[in-house]
Amino acid sequence: MNFDWMEAMTSVQGMANGFMERLPYFAIALVVFTGFVFIGKGIRSVVLSINVRNRKHYNIGLVLGRLSNGLIIFIGLLIALVIAIPGFTPGQLVNLLGLSSVAIGFAFRDILQNFLAGILILLTQPFRIGDQIVLDEFEGTVENIETRATFIRTYDSRRIVIPNSKLFTDPVIVNTANEKRRLQYDIGIGYSDDIARAKDIMLDMVRGIPEVLRDPAPDAIVVELAGSTVNIRLRWWVQPPRQYDTLHSTDVVLEKVKNALVKDGIDLAFPTQQILFHDQTEETDGDRSRQREGWPQGSRNAPSQARIVDGIRASRPMRHHRNEREAENRMDMNRTKQAPTEDGQNRKGNA
């Protein structure tokens with residue numbers, strides 16, 4: 001088979017001539033598409049500017065702005081393709097997208113999932129831009145909600161990018177969803193302290209702190225009888241519920257409550273273990289009116305507690321008596337050793 005160079009050159013020349021003939025159409029199509037891109041951005045900016053004053057509907061403005069921008073760009077692309085490619089119709093593009101939709105769906109499944117989740121988050125508004133949220137170990141302020149992911153700025157000024165699908169399906173704590181927020185802290189006092197008195201001290205101190213709201217009023221409840229302490233849960237409300245306000249309020253409340261309890265003699269007990277020494281017999285074993293293992297004495301008499309000091313004092317006479325016997329034994333041993341020597345000296349003198 002002979003290769004015809006002339007026919008090949010003629011084909012290339014025809015393609016070049018056709019491209020040059022369509023070049024003005026390509027330029028016009030590019031200009032048209034660029035114009036639609038700028039129109040889409042302009043409409044998006046207008047929609048955002050309308051909704052930026054209303055924080056409640058700001059997320060809806062983001063959705064409308066992005067959808068309008070994408071729709072206008074898509075229309076511009078169709079018009080540019082009709083201008084640049086002869087015989088092209090929008091129906092051909094639709095058929096092409098229909099045939100390749102399955103492959104595109106498998107290839108971009110995660111991207112489409114995040115995109116739809118982002119649209120639903122913006123529409124349903126479980127949280128908004130500026131809210132402070134908690135997701136698993138991540139906590140911070142929402143900076144932006146995009147179609148693929150949400151950007152969060154942590155309290156130490158780091159950025160976290162979280163896929164929208166995770167935010168849409170996993171539990172999210174929104175700390176700033178309401179205007180007020182309740183804080184709480186467990187404070188342990190000694191078992192011998194007056195619980196009612198400790199509650200009054202806590203509440204009187206908390207009510208005088210400007211950072212604490214008067215309505216709802218603070219309260220204090222006993223939540224646990226622990227091994228070494230009686231735990232009282234102090235609860236109070238703050239507004240606004242942002243991170244700085246909650247930390248500052250907690251710092252002021254705990255400092256003033258601690259100082260007030262210590263000043264009044266309330267014991268802020270540490271974890272301790274108590275060892276009780278007693279001389280129980282089978283008669284008193286299990287009798288709560290006489291036993292001394294932390295139970296109340298009751299109405300009947302209970303035997304006095306056996307103290308370590310008493311045991312030490314009782315052992316002193318025994319130790320003194322034992323020392324005297326050891327001393328007497330040593331003296332007897334010395335006399336026994338000296339007796340043979342004296343008998344020998346007496347025999348020599350008689351001789």
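1. Just after helix 4, Q125 takes a positive phi of about 55°. Helices (H or I, at least four residues) and strands (E, at least two) are DSSP runs, numbered from the N terminus. The structure is a predicted model, in which local features need pLDDT of at least 70 and side-chain atom pairs count only at pLDDT 80 or more, while totals for chains, interfaces and linings use all residues. Residues are numbered from 1 along each chain as its sequence is written, and side-chain values use heavy atoms, with hydrogens and water left out.

2. Helix 4 itself covers residues 109-124, which makes 16 residues. From its first C-alpha to its last it reaches 22 Å, close to the 22 Å expected at 1.5 Å a residue; the expected span is 1.5 Å times one less than the number of residues. Its buried residues are N114, A117, G118, I119, I121 and L122. Here buried means under 20% relative accessible area, exposed over 50%, and partly exposed in between (1.4 Å probe, protein chains only).

3. The next point concerns strand pairing; two strands pair if DSSP finds at least two bridges between them. Strand 2 and strand 3 run antiparallel and are joined by four bridges, and they form a hairpin with three residues between them. Across this pair, N144 stands opposite F151 in strand 3. Of the five residues of strand 3 (residues 149-153), four are buried.

4. Strand 3 also pairs with strand 4 (residues 159-163), in the antiparallel sense, over five bridges. R153 stands opposite R159 in strand 4. This hairpin has five residues between the strands, and S157 takes a positive phi near 65° in it.

5. How many salt bridges does a search of the whole structure find? The search finds nine, a salt bridge being a side-chain nitrogen of Lys or Arg within 4 Å of a carboxyl oxygen of Asp or Glu. One of them joins the side chains of D136 and K166 (3.4 Å, N to O). D136 lies in the loop between strand 1 (132-135) and strand 2 (138-145) and K166 in helix 5 (residues 164-169), so this pair ties together parts that are 30 residues apart in sequence. Both residues are partly exposed: D136 has 49% relative accessibility and K166 has 28%.

6. A further salt bridge links R233 and D186 (2.7 Å, N to O). This pair connects distant parts of the chain, with R233 in strand 8 (residues 230-238) and D186 in strand 6 (residues 181-189), 47 residues apart. R233 is partly exposed at 25%, and D186 is partly exposed at 36%. Salt bridges that share partners also join D136, K166 and D170 into one network.

7. In soluble globular proteins, nonpolar side chains tend to be buried together.
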